[in-house]
Amino acid sequence: MSQNSQTIAATLSALDGWPLLQGPRVRLRGPREEDAEAFFALFGDPRVMRYWSRPPLTERTEAEQLLTRCRDEFAARTALEWIIADENDTAIGSCKLFRLSPPHRRAELGYALHPDHWGRGVAREATTLALDWAFCHLGLHRCDAGIDPDNQASRALLHRLGFVTEGRQRESFFVGDQVTDSELLGLLASDWRGGR
Ligand SMILES: CC(C)(COP(=O)(O)OP(=O)(O)OC[C@H]1O[C@@H](n2cnc3c(N)ncnc32)[C@H](O)[C@@H]1OP(=O)(O)O)[C@@H](O)C(=O)NCCC(=O)NCCS
């Protein structure tokens, strides 16, 4: 491993909890048990799950399982899933760096926001906090994203952040019974620093 990939692994293992990232309107923080209701409202909403690779949650216990998975992935340092919290510290979304790969200094970005907050720049603010941390503190070289090509809102957000569409994987995942292509996007640390 290069010096930098060792630094990434060391930075991840030295974390004693989720980095707290504060923006003007939202903060990214670690998940708590009391976020289960908000997670159920988020991932149980068909509007949020329209382009997701799984159907909406139907039981609150599934939201609790998702929160347990967040903690397990954090413990293994394979993913960092933050809660997007509003000014009252209420969970309104999720922002995730997953498939963390220290040797390749790479991760994938994922996010979801409750529809009550769409269209006000909240996702842009939240993902900017995560990407700033990923590129400027953790030392990632590259961030990937993959979307359903019909997901206009997600593509618009990613392009606004500076991601470039790099290709398309044919019939890559199922949304219910429907097989869907995956549009692949990427953002380099140099793109990010150049765009600031
Ligand atoms: C994708 C998502 C997070 C966007 O959240 P948001 O808070 O509405 O996005 P923002 O307000 O920060 O908008 C970011 C940019 O995208 C644009 N945008 C947002 N929604 C859009 C839409 N439906 N159509 C076209 N552009 C859109 C905005 O205009 C903005 O660009 P601008 O700054 O140039 O004006 C939200 O729609 C969502 O949670 N969707 C469901 C979950 C999902 O699909 N996640 C991604 C899976 S890959």
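How many helices and how many strands make up the secondary structure of the chain? In this predicted model, the count comes to six helices and eight strands. Followed along the sequence, these elements run in the order α-β-β-α-α-β-β-β-α-β-α-β-β-α.

Along the principal axes, the C-alpha atoms occupy a box of roughly 45 × 40 × 30 Å. The radius of gyration is 16 Å, which agrees with the value near 16 Å for a compact globule of 196 residues. Of those 196 residues, 49% are buried. Among contacts with a separation of 6 or more, 61% join residues 24 or more positions apart. The accessible surface of the chain is about 10,200 Å², and carbon and sulfur atoms account for 49% of that surface.

I turn now to the ligand. Its surroundings comprise 20 residues, and the closest are Leu113, Gly119, Gly121, Asn151 and Arg160.

From the side chain of tryptophan 118, an N or O atom is 3.3 Å from a ligand oxygen. Arginine 120 places a backbone N or O atom 3.4 Å from an oxygen atom of the ligand. At alanine 123, a polar backbone atom is 3.1 Å from a ligand oxygen. The ligand taken alone exposes 940 Å², and the protein buries 71% of that area.

Which elements give two or more residues to this shell? They are strand S5 (106-113), helix H4 (122-138), strand S6 (142-147) and helix H5 (152-161). H5 gives the most, with five residues.

Let me close with two individual residues. The first topic is glutamate 108, which lies in strand S5. Is glutamate 108 buried or exposed? Its relative accessibility is 15%, so glutamate 108 counts as buried. The side chain of glutamate 108 forms a polar contact of 2.6 Å with the side chain of arginine 99. Beyond its neighbours within four places in sequence, glutamate 108 is in contact with Lys96, Leu97, Phe98, Arg99, Cys143, Asp144, Ala145 and Gly146.

The other residue is serine 182, in strand S8 (residues 178-188). Serine 182 has a relative accessible area of 7% and is therefore buried. Not counting residues up to four places away in sequence, serine 182 touches Gly146, Ile147, Pro149, Gly167, Arg168, Gln169, Ser172 and Phe173.

Definitions and conventions:
Residues numbered from 1 in each chain as written. Predicted model: local features only at pLDDT ≥ 70, side-chain atom pairs only at ≥ 80, totals over all residues. Heavy atoms only, no water. Near = heavy atom within 4 Å. Polar contact = N/O pair within 3.5 Å; in protein donor to acceptor, adjacent residues only side chain to side chain. Areas by Shrake-Rupley, 256 points an atom, 1.4 Å probe, with all protein chains shown as cover. Helix = DSSP H or I, 4+ residues; strand = E, 2+ residues; numbered from the N terminus. Buried < 20%, exposed > 50% of the residue type's maximum accessible area, 1.4 Å probe, protein only. Contact = heavy atoms within 4.5 Å. Rg over C-alpha atoms; globule rule 2.2 N^0.38 Å.
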